[in-house]
Every structure is written in structure tokens, then in C-alpha cells.
Amino acid sequence: MSNKTLLTKSGYQELSAQLDQLKAKQDQLITDIEGVSDADEQGENALSVQLKEQLEMVVNKIEELEEALLNSDIISRPGKSTSVEVGSKVKVRMSGAREKEFHIVSQLEADPVQSKISDQSPLGL
């Protein structure tokens, strides 16, 4: 990844916490795999295969988060501005007089349920 990932301070903290949780899950999966392997030395059983697949997914996600955090820049909250960028909060007038505020964040932080939408997608995906 050659480009820097722009993250808000809270987004960086959330991703760091998620990374810590995944590392703990990785350790637990390794322990579980060793326990299953010790119990059945004659060949891999379905549980062992399933645990190894889970471990592979966790390791891939750990690598993705480590890369993103290593190549990230924490952005400061912009003041009043006429342009929209990562870190901006924008108000959108919905139907009628109702307004909804959205926080523009990086793809890694996007969560439409919390009104955090990606700078790459109007849907926050």
C-alpha cells in the first residue's frame, strides 16, 4: 500500500483496539488448534480444519490492519470549510425540513449505522 490511509483520531484508536482483539483471538485459536491436534494425532478432524480456516482469516485481517495503521496519517478535525474531506461533518437536508449529520471518514472507519460514511463511497461501504 503506497498511499497513506487518512484516519480520524477515534478511528485510529478503534482500529488499534480491533487489532488487539484479533491478536488475542489469534492466540486463542492457536491454543485451540494445538489442543485439538494433541487429542487426535491420527489425522485432521473437521474441527481442526475449521479452526485453521478461522485462524487464516484472523491472520489476514491482522495483516490488513497492521498495514493500514502503519501507513496512516491521523487527520485533525477541520474547522469551517467550503470543501468536504475526511474528518468533515456535513449536514444533509432530508425530505421535508429534517436534517441528518454525517461524519466523513476513511473506508476502514465507515459505519453507516453510526452516520460515518466513507470518503470513497456515498454509501459508506
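The model is predicted, so local features need pLDDT of at least 70 and side-chain atom pairs count only at pLDDT 80 or more, while totals for chains, interfaces and linings use all residues. Residues are numbered from 1 along each chain as its sequence is written, and side-chain values use heavy atoms, with hydrogens and water left out.

The side chain of Lys-23 forms a salt bridge with that of Glu-66 (3.3 Å, N to O); a salt bridge is a side-chain nitrogen of Lys or Arg within 4 Å of a carboxyl oxygen of Asp or Glu. Because Lys-23 belongs to helix α1 (residues 9-39) and Glu-66 to helix α2, the pair ties together parts 43 residues apart in sequence. Helices (H or I, at least four residues) and strands (E, at least two) are DSSP runs, numbered from the N terminus. Glu-66 is partly exposed, at 33%.

Within α2, Glu-64 and Lys-61 also meet in a salt bridge (3.5 Å, N to O); they are three residues apart, about one turn of the helix. Buried residues of α2 include Leu-55, Val-58 and Ile-62.

Three strands form an open sheet of mixed pairing, in the order β3-β4-β5; two strands pair if DSSP finds at least two bridges between them. β3 (89-93) and β5 (116-118) are the edge strands, each with a single partner, so one side of each has no neighbour in the sheet. β3 and β4 (residues 99-105) run antiparallel, joined by five bridges, and Val-90 stands opposite Phe-102 in β4. A salt bridge links the side chains of Arg-93 and Glu-99 (3.3 Å, N to O).

Technical notes:
Buried < 20%, exposed > 50% of the residue type's maximum accessible area, 1.4 Å probe, protein only.
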